[in-house]
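Here is a brief report for a reader meeting this structure for the first time. Look over the sequence and the model, then read on.

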Amino acid sequence: MTPVTIVASAENPLLPALYDIIWSAVCLLIVFLVVWKYVLPAFNKTLDERAERIQGGIEKAEKVQAEADQALAEYQKQLADGRAEAARLRAEAQEEGAQIIADMKAQAHSEADRIIASAQNQIDAERQAAMVQLRSEVGSLATDLASRIVGESLADDQRSANVVDRFISDLESESSGQPVKGA
């Protein structure tokens with residue numbers, strides 16, 4: 001076996017060789033120039049377009065938001081107007097209902113008064129007819145009775161009428177509790 005000899009080198013093992021550094025720097029410079037000349041403008045253009053689209057979207061969103069706020073305000077105004085109109089209609093309906101009720105009450109009162117007056121007139125007419133019939137019947141009975149008691153004929157109409165009237169007056173005063181005339 002041959003002995004391995006280790007030679008100590010004066011170079012730093014962590015640093016690459018000078019030619020590697022130069023070629024790496026040249027490659028890096030070429031890549032940097034290509035990126036600077038072609039890639040970076042395309043990238044900036046894409047970013048600018050994206051920024052414009054985002055800005056346009058923001059403006060569009062702000063415009064839509066403003067329109068939505070305006071529509072909401074219009075809706076709330078219409079809702080308030082509708083509520084006010086409903087309240088007005090409700091108040092009118094209540095007033096009309098109260099007026100109808102008052103008219104119906106007045107009509108009912110007038111109808112009741114008319115019916116009462118009609119009934120009173122009918123009662124008065126029937127009372128009058130009954131009085132006439134009663135006078136006639138009482139008169140003929142009283143004349144017959146008086147003729148029998150007195151023994152003279154009371155055929156004279158004037159005499160009979162006077163006797164009947166006096167007899168009825170006496171009956172009325174007895175029924176009302178007043179003393180009888182001539183008693």
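Is Asp 124 buried, partly exposed or exposed? Asp 124 counts as partly exposed, at 34% relative accessibility. Its value falls between the limits, because buried means under 20% and exposed means over 50%. One point to keep in mind throughout: this is a predicted model.

**Overall build**

The protein chain has two helices and zero strands. Helix α1 covers residues 18-150. Helix α2 covers residues 157-175. The chain has 183 residues, and 6% of them count as buried.

**Two annotated stretches**

UniProt, in an unreviewed entry, lists residues 21-40 as "transmembrane region". In the model this span is 100% helix and 0% strand. Its end C-alpha atoms lie 25 Å apart.

**Salt bridges**

How many salt bridges does a search of the whole structure find? The search finds five. Among them are the pairs in this table.

| Pair | N to O distance |
|---|---|
| Arg 88 and Glu 85 | 2.3 Å |
| Glu 92 and Arg 88 | 2.3 Å |
| Asp 124 and Arg 127 | 3.7 Å |

Start with Asp 124. Its salt bridge partner is Arg 127. Asp 124 and Arg 127 are three residues apart in helix α1, so about one helical turn separates them. Which residues do salt bridges with shared partners join into one network? They are Glu 85, Arg 88 and Glu 92.

Arg 88 takes part in both bridges of this group: one with Glu 85, and one with Glu 92. The spacing along the helix is part of the picture. Arg 88 and Glu 85 are three residues apart in helix α1, so they are separated by about one helical turn. Glu 92 and Arg 88 are four residues apart in helix α1, again about one helical turn.

How accessible are these side chains' residues? Arg 88 is partly exposed, at 37% relative accessibility. Glu 85 is partly exposed, at 35%. Glu 92 is partly exposed as well, at 31%.

**The largest pocket**

The largest pocket has a volume of about 170 Å³. Which helix supplies the largest share of its lining? Helix α1 does, with six residues. Both α1 and α2 supply at least two residues each. Lining residues include Val 138, Leu 141, Ala 142, Leu 145, Ala 146 and Ile 149. Val 163, Arg 166, Phe 167 and Asp 170 also line the pocket.

The side chain of Ser 173 reaches the backbone oxygen of Asp 170 at 3.0 Å. Ser 173 lies in helix α2. Is Ser 173 buried or exposed? Ser 173 counts as buried, because its relative accessibility is 12%. Asp 170, its contact partner, is one of the residues that line the largest pocket.

Definitions and conventions:
Residues are numbered from 1 along each chain as its sequence is written. This is a predicted model: local features need pLDDT of at least 70, side-chain atom pairs count only at pLDDT 80 or more; totals for chains, interfaces and linings use all residues. Side-chain values use heavy atoms; hydrogens and water are left out. Buried means under 20% relative accessible area, exposed over 50%, partly exposed in between (1.4 Å probe, protein chains only). A polar contact is a pair of N or O atoms within 3.5 Å; within protein, one must be able to donate a hydrogen and the other to accept it, and residues adjacent in sequence count only if both atoms are side-chain atoms. A salt bridge is a side-chain nitrogen of Lys or Arg within 4 Å of a carboxyl oxygen of Asp or Glu. UniProt positions are given in the numbering used here, feature names are shortened, and annotations may be inferred rather than shown by experiment. On a 1 Å grid over the protein atoms alone, a cavity is a set of points where a 1.4 Å probe fits but cannot get out, and a pocket is an open set with protein on both sides within 12 Å along at least five of seven lines; lining residues have an atom within 4 Å of a point. Grid points are joined across faces, edges and corners, and a volume is the space filled by probe spheres set on the points.
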